[in-house]
Amino acid sequence: MDLKLQFHDAEKDIKIYANDFSMGENVTFGGKSRIVSPTVNIGDSAVFGVNTDIRASSISIGEHTLFADGARVLCPENFSIGAAGRVDRNSVIETRNCDIGDEFFFGEGSAIGFGGRFGRASDLKIGNQVAVSSRNVLNTSAPITLGNRVGTSDDVYFLTHGLHHSHSVLLGYPLSYEPIVVDDNVWFGMRTLVMPGVHVGRNTIIASNSVVLRDLQSDILAAGVPAVRKKDLRDTPAAEDQQIRMASDIMDRWIADLETKGSVTVHRETIEGGPDMRYEIGFDERTYSVVLCYALDAGRVPGTGDRQIAVTLNSGKLREDEHSGLMLFDLTEKTASSDLDGVGEDLRDFLRRHSLACFNRRRFASLPPKEFAWLRLYD
């Protein structure tokens, strides 16, 4: 196929070959990057690290998505990834067809593909807000479907085929080429192995070192070899005041963590006897007025610092015009404002690491500890 050279940076050795080509604003490239496809659509603020290589019959990359150094994509048909994704260093995506939703995380050294990766049935479908950790393998000899908010720990394997040429089907040994389907909100512990033909129901947790040989129902904890139901799972929400106290404890940990990243001053007080909290935080040259409350209304919106932050379990009482410019985190809806500054993004990442992820179609990021910040001067 004859493709046109649509973008070329000779100094950095960057080349994009395409016939139908569009690229948004503020897209950045490291050196030695290649993108090859008849159709290429790159959203605003996408980032491509050094030695990234992306090739497919059709490529669509959402805004704010990052391909870190050494990331590689090869899809004979479609490759599509939504907004705010992160394909980490030295990870590989090789499959015939790949459709990934928004806010995807693909950990360092992970791979999609392996045996049979370009066969007729090699198809991968991933929902929104899925996190696949480091050194995972998704073998797409047969289709793999991961629902929304699926998560894995390190070293998890999804295998859609199994055979050995010395153990032939003619001699009575099994041969497996079967799809894997995982429903929404499933969590796989470290070193879990998922075998061909498995369907895992929504909200299920699979313990570390398990081998999933058969289907697992929804809303259970499963463990073992083979993985079997150990107990049922159900949501058990704490009382409102207890939820705020839990969130307050996490906020205190965040402030302590922030002290490793700059000069911090803090004043805390309860609001009307608690449990809602108000904070005045000074960080380097700026001040932040912060409120933590169960239900946020106009009377609880902070308003004296250079920036205002509200962390709430219910922002529904606040009109849109009442939170203009406010860095808002709704822990129930799992949403955050899109215009967070560095401190706001640091808080968002800290909440994520304490099971309270809030999404805003931006990649998660944190401030560097001050002891290490000077090292970045040499990037």
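Start by selecting Leu171, which sits in the loop between strand E22 (161-162) and strand E23 (176-177); strands here are DSSP runs of at least two residues (E), helices are runs of at least four (H or I), and both are numbered from the N terminus. What you have on screen is a predicted model, where local features need pLDDT of at least 70 and side-chain atom pairs count only at pLDDT 80 or more, while totals for chains, interfaces and linings use all residues. Residues are numbered from 1 along each chain as its sequence is written, and side-chain values use heavy atoms, with hydrogens and water left out.

Is Leu171 buried or exposed? Leu171 is exposed, at a relative accessible area of 62%. The cut-offs are under 20% for buried, over 50% for exposed and partly exposed in between, with a 1.4 Å probe and protein chains only.

**Next stop: salt bridges**

Side chains of opposite charge can pair when their charged atoms come close. A salt bridge is counted when a side-chain nitrogen of Lys or Arg is within 4 Å of a carboxyl oxygen of Asp or Glu. How many salt bridges does a search of the whole structure find? The search turns up 24.

Pick out Glu77 and Arg96, a salt bridge with the closest N and O atoms 3.3 Å apart. This pair links distant parts of the chain, 19 residues apart: Glu77 is in strand E10 (residues 72-81), and Arg96 is in the loop between strand E12 (92-94) and strand E13 (97-100). Glu77 is partly exposed at 37%, and Arg96 is partly exposed at 23%.

Then try Arg86 and Asp88, whose side chains meet in a salt bridge at 3.4 Å, N to O. Here Arg86 is partly exposed, with 29% relative accessibility, whereas Asp88 is buried at 10%.

One more pair to select is Asp184 and Arg202, with a salt bridge of 3.5 Å, N to O. They too link distant parts of the chain, 18 residues apart, with Asp184 in the loop between strand E24 (180-182) and strand E25 (187-188) and Arg202 in the loop between strand E27 (199-200) and strand E28 (205-206). Arg202 is partly exposed, at 36%.

For a network of salt bridges, select Glu63, Asp102 and Arg361.

**A buried charge**

Click on Glu103, in the loop between E13 and strand E14 (105-106).

The side chain of Glu103 has one of 3.2 Å with the side chain of Gln129. A polar atom of the Glu103 side chain also lies 2.8 Å from the backbone nitrogen of Arg361.

**Into helix H2**

Select residues 342-352 for helix H2, which is mostly covered, with nine of its eleven residues buried. Those buried residues pack against several elements, among them helix H1 (240-258) and strand E33 (277-283). At the start of H2, look for a side-chain oxygen of Asp341 that reaches to within 3.2 Å of the backbone nitrogen of Val343.

**Last stop: Ser248**

Finish in helix H1 with Ser248, which is buried at 12% relative accessibility. The Ser248 side chain makes a polar contact of 3.5 Å with the side chain of Tyr279. Leaving out residues up to four places away in sequence, Ser248 touches Met277, Tyr279 and Leu292, where contact means heavy atoms within 4.5 Å.

Terms used:
A polar contact is a pair of N or O atoms within 3.5 Å; within protein, one must be able to donate a hydrogen and the other to accept it, and residues adjacent in sequence count only if both atoms are side-chain atoms.
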